[in-house]
Amino acid sequence: MCPQTDGFNGNNETRRDRQAGGEFIRPKKSLGQNFLNDMRVVQDILCAAELGENDAVIEVGPGLGVMTEKLAEQAGLVAAVEIDSALIPALKKLEERFGNLAVINRDILKTDVRKDIIEGVFLPRGLGGSVKVVANLPYYITTPIVMKFLEENASDVDSLVIMVQKEVAERMIAPPGGKDYGAMTVTVNYFSEPEIMFTVPPHCFHPRPGVDSAVVRLKIRKEPPFELISREHFFLTVRAAFSQRRKTLTNALANAPYMNVTREKVAEILAGMGKDVMIRGERLSPAEFGQLSNLLIK
Ligand code: SAM
């Protein structure tokens with residue numbers, strides 16, 4: 001059983017004013033640096049990741065290495081990708097202690113995860129288990145990082161256990177019809193089964209973020225949840241539907257030049273699906289978007 005983080009007063013073992021490599025590190029707001037200062041949260045994240053001793057972990061943004069150290073103790077292999085060169089000396093010291101840890105000083109968004117990490121780091125070291133992403137993400141680029149792993153590496157990774165803003169976590173699990181349901185919900189649910197594991201209050205970080213946080217687990221689906229004729233067309237349909245979410249689905253799709261479809265055609269297909277032709281996109285489930293995309297192609 002994993003311990004629960006919600007609602008505790010997180011000042012048990014604080015890492016505030018932590019030194020890195022002998023130097024005081026001033027957190028950079030521009031890089032989303034809100035360092036975890038409560039080891040119980042770290043423990044809860046590791047527990048949610050269900051790490052096996054043969055698993056390989058990709059940690060995005062190890063920061064001062066608080067979680068990296070625990071990951072290296074529990075997993076078979078760890079690749080920690082950090083953009084901030086100022087944090088690298090401290091992380092390199094950790095690398096000297098743990099033979100299974102590779103510190104990579106790079107922008108995760110400019111990293112070819114399969115080539116540079118899985119083939120470049122894990123396979124030569126004898127990857128024996130699953131690849132898991134475990135990270136306290138920089139909030140200013142949460143969506144591009146999540147989308148990158150889902151769209152480029154869904155066949156490479158087993159799960160993502162990530163700290164995100166609570167409202168982003170709520171968007172990932174939102175049911176159709178509400179204001180939180182959008183393109184991100186459909187994409188996340190197509191590739192994975194998302195689950196909010198626990199919430200984390202601001203005082204568990206240094207400095208404190210202005211928002212509540214949540215740890216979500218995205219279990220990557222082994223098989224797609226529904227058949228698509230074209231994944232590219234499906235995501236274009238979803239994008240068009242939500243880019244004008246106040247409009248009816250018929251108008252939103254017909255107004256998107258890249259969809260190349262008339263109002264009449266969309267209305268005819270929706271009627272065939274048993275839907276009101278005045279429906280808005282936010283009312284369609286991911287599977288219904290799949291059906292719509294397939295019928296538009298046919
Ligand atoms: N893991 C640490 C912790 O929990 O205390 C730090 C988490 S902090 C929220 C986000 C980390 O991501 C920072 O160390 C930041 O420098 C790093 N980061 C920001 N943008 C990045 C990028 N594009 N690629 C890799 N790391 C990045």
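Reader: Which cavity is the space taken by the ligand?

Author: This is a predicted model, in which local features need pLDDT of at least 70, side-chain atom pairs count only at pLDDT 80 or more, and totals for chains, interfaces and linings use all residues. Residues are numbered from 1 along each chain as its sequence is written, and side-chain values use heavy atoms, with hydrogens and water left out. A cavity is a set of points, on a 1 Å grid over the protein atoms alone, where a 1.4 Å probe fits but cannot get out; lining residues have an atom within 4 Å of a point. A molecule sits in one if more than half of its atoms lie within 2 Å of its grid points, and the space taken by the ligand is the largest cavity.

Reader: How much space lies in the largest cavity?

Author: A volume is the space filled by probe spheres set on the grid points, which are joined across faces, edges and corners. The count comes to 2 cavities of 30 Å³ or more. The space in the largest cavity is about 390 Å³.

Reader: Which residues lie nearest the centre of the largest cavity?

Author: Strands E3 and E5, strand E4 (56-60) and helix H2 (66-74) each supply at least two residues of the lining; helices (H or I, at least four residues) and strands (E, at least two) are DSSP runs, numbered from the N terminus. The lining has 29 residues, and those nearest the centre are Gly 61, Pro 62, Gly 63, Glu 82 and Asn 136.

Reader: At what distance from the ligand is an N or O atom in the side chain of Glu 82?

Author: A polar contact is a pair of N or O atoms within 3.5 Å. An oxygen atom of the ligand is 2.8 Å from an N or O atom in the side chain of Asn 136, and one is 2.9 Å from a polar backbone atom of Leu 36. For the side chain of Glu 82, the distance from a ligand oxygen to an N or O atom is 2.6 Å.

Reader: What share of the ligand's accessible area does the protein cover?

Author: Accessible areas come from the Shrake-Rupley method with a 1.4 Å probe. On its own the ligand has 590 Å² of accessible area, and the part that the protein covers is 99%.

Methods
Polar contact = N/O pair within 3.5 Å; in protein donor to acceptor, adjacent residues only side chain to side chain. 1 Å grid on protein atoms, 1.4 Å probe; cavity = no way out; pocket = protein on both sides within 12 Å on 5 of 7 lines; lining within 4 Å.
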